[in-house]
Amino acid sequence: MRAQPRGSHFINGNFVEDDAGNRFESVYPATGEAIASLTGATVKTVDLAVQAAKAAQPAWAALLPVERGRILQRAAALIRERNRELSELETLDTGKPLQETLVADAASGADSLEYFGGLAAAVTGQMIELGGSFAYTRREPLGVCAGIGAWNYPIQIACWKAAPALATGNTMVFKPSETTPLTALKFAEILQEAGLPDGVFNVVQGFGETGAALTNHDDVDKVSLTGSVPTGKRVMATAAETIKHVTLELGGKSPLIVFEDADIENAIGAAMVGNFYSSGQICSNGTRVFVHSSIQDQFLKRLKERTEAIKLGDPLDENTQMGPLVSTAHAEKVLDYLDIARAEGAHCITGGARTIVAGFKHGMFVAPTVFSGVTDDMRIAREEIFGPVMSVLTFETEDEVVARANDTQFGLAAGVFTKDLARGHRVAAALKAGTLWINNYNLTPVEMPFGGVRQSGIGRENSAAAVQFYTQEKAIYVEMGDVDAPY
Ligand code: NDP
């Protein structure tokens, strides 16, 4: 098998197998070829990983923050040096085109390691004057953190969780999605090569029950999940048993609002990036595109032309712009939504079906699809599809579009296109979402907080904001005078 790792799990600095675990294969979505065979972790292996992380944590936290940061920055440099090799592996595991993985996956992970590596030494407490006496606070690590990842950005998710956790003195057990198990193991090797002590970052493979075993574990202090809303609810409920901290990066049905004064070509470009990048398998996608009725015809005409020029094909060919969906099971769900949309009366202006790519008859390629005439009550406007399916809705007034955009249980992201910057800021303030863009879409620089509100999640990744989700504050009162006891 062409991408077989040295072992399924990485615990305490070593690759290990779990012969009692379920065996599963990692499949290259473009061809259906099995590229690796792995075992899932049983509860015993999960426990080994947690105990390794627990044992390693005090010494890791006792290192100077600048020393921890140096190791993370060394790992960032190694990831950059091996970007092509990691990107090719990510393409094989996910089916995403190399054109994307070369710039958006491991590279974004390296940004995160570099950023939090640099920030490690800048995390401080505060000193509070109390009129002679004083108090001070310490930002302390939580302990052992579990990271649980989705399959759309495997190495990026692993890095986005590990970098702030490790920088602040925690250790981690990471479980990738069983659909995309490979790059987290490479990341573990790279961290080791960068000088990370054994046990600080561990990887266990497996299905939902492995994630649940981590979430249940008494010695895990925090769970950070990237996944769907139903999984988020389960994780939060399980974590409640032991009052664990949780960060939840969940799904969305985000609005992208295009006002009549917008730069239309830019708005179309952003709508395409925000619906078709990674074959639409991105949580923050702007899948409800609200276009002012006065520009609808012009918008749809150019959107159709530009969408039909997207090049689907061999993911390993750098000219390919769109690959297959991650799996047959997932593609079937997406294709079902195409039928649902038509049955509900939406008008398909382009795409709308599976596409067979020459030489890749087993790949589940779905043509980039645009539905117009979508109304707020249709299922394609309410439910997360997680595929290359854009819904275009029209509106007349600002108040109306803000109310409709907010009429959802989700709140991950939103976008506004307008040349009127006062309106841009006003609408951004009124939209109920955790991450917004004015005149762009889906950019997630490490310097900017990322995360959702309402059912799209709790907590923030990236930026200095992430530090508070991997640390807890201890307050210490220091008496400088006598004790004033009434007894
Ligand atoms: P899932 O929710 O199905 O799975 C996410 C992870 O949780 C997987 O590793 C999964 O394991 C694991 N898991 C499943 N059940 C449990 C459980 N009971 N306890 C603990 N862990 C469990 O999501 P997908 O992998 O299908 O990813 C797609 C979803 O992720 C979409 O809804 C998308 O919006 C969301 N997402 C959110 C992002 C964000 O940052 N907000 C970014 C990317 C995706 P296994 O896969 O092995 O079953």
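Start with the open sheet of seven strands, whose order is 14-17-18-13-12-19-20, with mixed pairing. Two strands count as paired if DSSP finds at least two bridges between them. Helices (H or I, at least four residues) and strands (E, at least two) are DSSP runs, numbered from the N terminus. Colour strand 14 (347–350) and strand 20 (435–438) to see the edges, each pairing on one side only.

Before you click on, a note on what you're looking at: this is a predicted model, where local features need pLDDT of at least 70 and side-chain atom pairs count only at pLDDT 80 or more, while totals for chains, interfaces and linings use all residues. Residues are numbered from 1 along each chain as its sequence is written, and side-chain values use heavy atoms, leaving out hydrogens and water.

Next, select strand 13 (residues 288–292) and strand 18 (residues 389–395): they run parallel, joined by five bridges. Zoom in on Arg-288, whose bridge partner in strand 18 is Ser-391.

Now bring up helix 14 (residues 398–405). It lies across strand 12, strand 13 and strand 18, at about 145° to strand 18. Contact here means heavy atoms within 4.5 Å; axes are lines fitted to C-alpha atoms, for helices over the stretch in contact, with angles from 0 to 180 degrees between N-to-C directions.

Time for charges. A search of the whole structure finds 26 salt bridges, each being a side-chain nitrogen of Lys or Arg within 4 Å of a carboxyl oxygen of Asp or Glu. Pick Glu-140 and Arg-138, which meet in one at 2.7 Å, N to O. Is Glu-140 buried or exposed? Glu-140 counts as buried, at 16% relative accessibility, while Arg-138 is partly exposed at 43%. (Buried is under 20% relative accessible area, exposed over 50%, partly exposed in between, using a 1.4 Å probe and protein chains only.)

Then select Glu-473 and Arg-139, a salt bridge at 3.9 Å, N to O. Glu-473 sits in strand 22 (residues 471–478) and Arg-139 in strand 6 (residues 133–141), so this pair ties together parts 334 residues apart in sequence.

Last stop: helix 11 (residues 296–308), where Lys-304 and Glu-308 are four residues apart, about one helical turn. Their salt bridge has its closest N and O atoms 2.9 Å apart. Both ends are partly exposed: Lys-304 has a relative accessible area of 33% and Glu-308 one of 47%.
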